[in-house]
Amino acid sequence: MPEFLKKPFRWLYHLWNINLEKNLIRDLMDYFSIDRKKVMHLLKSGGDLSADMWRATNPKTEDAIKHFYQENPFYVFNLIFWHATREQRALRLQMLDLAKGKVLDFGGAVGDMSAMAADKNLEVDYADLPGRTFDFAAWFFKKRGYQIAMIDLSREEISKNYDTIFCIDVIEHTTNPKDILKSFVDHLNINGQLMITELIPTIHEGVPFHFEMGFDGRKYLESLGMVKGDKPYLWIKH
């Protein structure tokens with residue numbers, strides 16, 4: 001199909017598939033001191049720009065990979081746009097309906113999932129590497145009046161126990177997934193829930209920053225005493 005025919009259909013698809021909160025668009029305008037047109041452009045192009053930046057910098061070591069996520073200027077926009085898709089909205093709302101007790105949002109990025117958990121009166125801790133997404137989340141929490149504890153994973157390890165741990169579209173970005181999964185199990189209370197996606201990572205050219213795990217994440221969780229729940233992403237500690 002010619003590009004001039006694809007364009008209107010792409011616009012209609014985005015209109016149907018993407019639901020961006022108006023207040024969040026205004027927050028991006030305020031935080032980055034840019035106008036709405038620029039915000040919308042960066043939201044729509046953030047994923048491609050992030051992928052291009054990865055290819056240009058070609059990080060190989062663990063430190064270089066962490067630096068990419070900490071300094072990527074497009075990642076905030078990339079994530080907010082992705083989280084606004086129908087699929088992600090439905091998934092996150094479903095997870096929130098199941099969440100209970102003390103919650104850890106691991107790899108919380110821009111902080112939107114932590115905020116949604118707080119809106120449901122759940123006690124939630126946010127954990128991520130420092131950098132641009134961490135700074136945006138801190139600003140976002142303060143602006144919206146959320147009292148959410150923030151854990152800087154470059155300086156401290158997870159030390160509390162939780163009843164629910166979210167790990168949404170995170171594990172495929174890490175170089176030490178086995179250690180992270182073990183930490184989740186160690187810090188879940190009995191009957192606690194791990195809600196995790198991408199145990200079988202999505203690998204394709206459009207997301208060059210996803211890694212193969214190198215082992216079967218599901219079998220590994222089972223070996224640690226976790227039991228598969230009735231949702232594709234749900235695991236229970238017995």
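User: Is Arg155 buried or exposed?
Analyst: Arg155 sits in the loop between β3 and β4. Helices (H or I, at least four residues) and strands (E, at least two) are DSSP runs, numbered from the N terminus. Buried means under 20% relative accessible area, exposed over 50%, partly exposed in between (1.4 Å probe, protein chains only). At 72% relative accessibility, Arg155 counts as exposed.

User: What do the numbers and values rest on?
Analyst: This is a predicted model, where local features need pLDDT of at least 70, side-chain atom pairs count only at pLDDT 80 or more, and totals for chains, interfaces and linings use all residues. Residues are numbered from 1 along each chain as its sequence is written, and side-chain values use heavy atoms, with hydrogens and water left out.

User: Which strands stand at the edges of the sheet?
Analyst: Seven strands form an open, mixed sheet in the order β3-β2-β1-β4-β5-β7-β6. Two strands pair if DSSP finds at least two bridges between them. Each edge strand has a single partner, so one side of each is left without a neighbour in the sheet. Those strands are β3 (149–152) and β6 (226–228).

User: Which residue is the bridge partner of Lys228 in β7?
Analyst: β6 pairs with β7 (residues 234–237) in the antiparallel sense, over three bridges. In β7, the partner of Lys228 is Trp235.

User: At what angle does helix α6 run to β5?
Analyst: Helix α6 (residues 86–98) lies across β4 (162–167), β5 (188–196) and β7. Axes are lines fitted to C-alpha atoms, for helices over the stretch in contact, and angles run from 0 to 180 degrees between N-to-C directions. The angle of α6 to β5 is about 170 degrees.

User: How do the residues of the contact of α2 with α8 divide?
Analyst: The axes of α2 (residues 22–32) and α8 (residues 132–144) come within 11 Å and cross at roughly 115 degrees. Contact means heavy atoms within 4.5 Å; among the residues that meet are Leu28 and Tyr31 in α2, and Phe136 and Trp139 in α8. Ala, Val, Leu, Ile, Met, Phe, Trp, Tyr, Cys and Pro count as nonpolar, Asp, Glu, Lys and Arg as charged, and the others, Gly among them, as polar. The residues divide into six nonpolar, one polar and six charged.

User: Which backbone oxygen does the side chain of Thr174 reach?
Analyst: Thr174 is in the loop between β4 and α9 (177–186). At 15% relative accessibility, Thr174 counts as buried. Its side chain reaches, at 2.8 Å, the backbone oxygen of Ile171.

Technical notes
Polar contact = N/O pair within 3.5 Å; in protein donor to acceptor, adjacent residues only side chain to side chain.
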